[in-house]
Amino acid sequence: MEYRCVQCGFEIKKLYVQYSPGNIRLMKCENCKAVADEYIECELMILLIDLILHKPKAHRHLLCNVLNQETGECKGLLWKSALGFLALDAYRCLLLEMAREGWDSSLSFSSVTWTCVKISVDVFLGNFFLFYFLLLMTRISFAIPAGFSRHKDFTLAILVSSYFKLSLLAMMIWEFPSSVVFIIDLFVLSSNAMALKGQIIGQLHR
């Protein structure tokens with residue numbers, strides 16, 4: 001099992017040594033000499049705040065030291081995250097469609113069906129091109145070798161770091177202008193970039 005220093009991404013064998021229940025000592029990274037993962041002793045709220053603040057070490061802790069170690073659960077999480085991601089993206093497209101054309105009870109069944117098909121196509125094609133674009137930019141930005149490929153980790157990093165899409169659920173309760181959707185998109189993209197940065201740097205220190 002591989003662990004990573006959240007500071008520099010260097011591989012480390014152990015994150016802590018447990019002497020007795022509740023009594024642990026955090027290990028230091030051999031590369032940067034800092035504590036390898038201080039989030040082990042932090043409350044969940046601190047991790048959430050650092051994720052919102054786009055700190056790469058928070059993403060590295062979550063993706064490299066938590067999710068990557070739970071291989072069975074990680075596989076299930078990948079599918080659940082993908083379904084949630086697509087559902088939220090479909091709702092995003094629906095909000096934009098409603099803001100652009102407006103919906104009322106007089107719409108025919110054929111119009112509703114056509115809109116659903118259009119949204120489905122937009123969601124799948126849009127995310128296909130988004131994933132391809134992010135993969136291409138990641139390879140260019142970090143000068144990743146052509147043979148280097150970890151598509152599962154790449155996909156999980158994007159899905160998990162898209163948690164800002166949950167903000168769309170608030171639009172079910174309160175009314176917001178459609179421009180808020182694009183603001184959420186910017187937050188999601190910036191979070192994706194930080195997660196990929198932390199994930200790729202960790203993998204390049206193999």
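In the predicted model, the largest nonpolar core comprises 19 residues, of which L63, L67, F131, F154, I158, V160 and L196 touch the most other members. Two or more residues are given to this core by each of the helices α1 (44-52), α2, α3 (71-101), α4 (109-141), α5 and α6 (179-204), and the greatest contribution is that of α5, with six residues. In soluble globular proteins, nonpolar side chains tend to be buried together.

Helix α2 (residues 56-67) packs against helix α5 (residues 151-160) at an angle of about 130°, the two axes lying 11 Å apart. The arrangement of α2 relative to α5 is therefore classed as oblique, and the crossing of α5 by α2 is right-handed. On the side of α2 the contact is formed by L62, L63 and L67, and on the side of α5 by L156, A157 and V160; by residue class, these divide into six nonpolar, no polar and no charged.

K165 counts as buried because its relative accessibility is 6%, below the cut-off of 20%. When residues up to four places away in sequence are not counted, K165 touches F85, L88, D89, R92, I184 and V188. The C-alpha atoms of K165 and F187 are 8.8 Å apart in space, although the two residues are separated by 22 residues in sequence.

Key
Residues are numbered from 1 along each chain as its sequence is written. This is a predicted model: local features need pLDDT of at least 70, side-chain atom pairs count only at pLDDT 80 or more; totals for chains, interfaces and linings use all residues. Side-chain values use heavy atoms; hydrogens and water are left out. Axes are lines fitted to C-alpha atoms, for helices over the stretch in contact, and angles run from 0 to 180 degrees between N-to-C directions. Helices (H or I, at least four residues) and strands (E, at least two) are DSSP runs, numbered from the N terminus. Angles under 35 degrees count as roughly parallel, over 145 as roughly antiparallel, 65 to 115 as roughly perpendicular and the rest as oblique. A crossing is left-handed if the near helix is turned anticlockwise from the far one by less than a right angle, and right-handed if clockwise. Contact means heavy atoms within 4.5 Å. Ala, Val, Leu, Ile, Met, Phe, Trp, Tyr, Cys and Pro count as nonpolar, Asp, Glu, Lys and Arg as charged, and the others, Gly among them, as polar. A nonpolar core is a set of buried Ala, Val, Leu, Ile, Met, Phe, Trp, Tyr and Cys residues joined through side-chain atoms within 4.5 Å. Buried means under 20% relative accessible area, exposed over 50%, partly exposed in between (1.4 Å probe, protein chains only).
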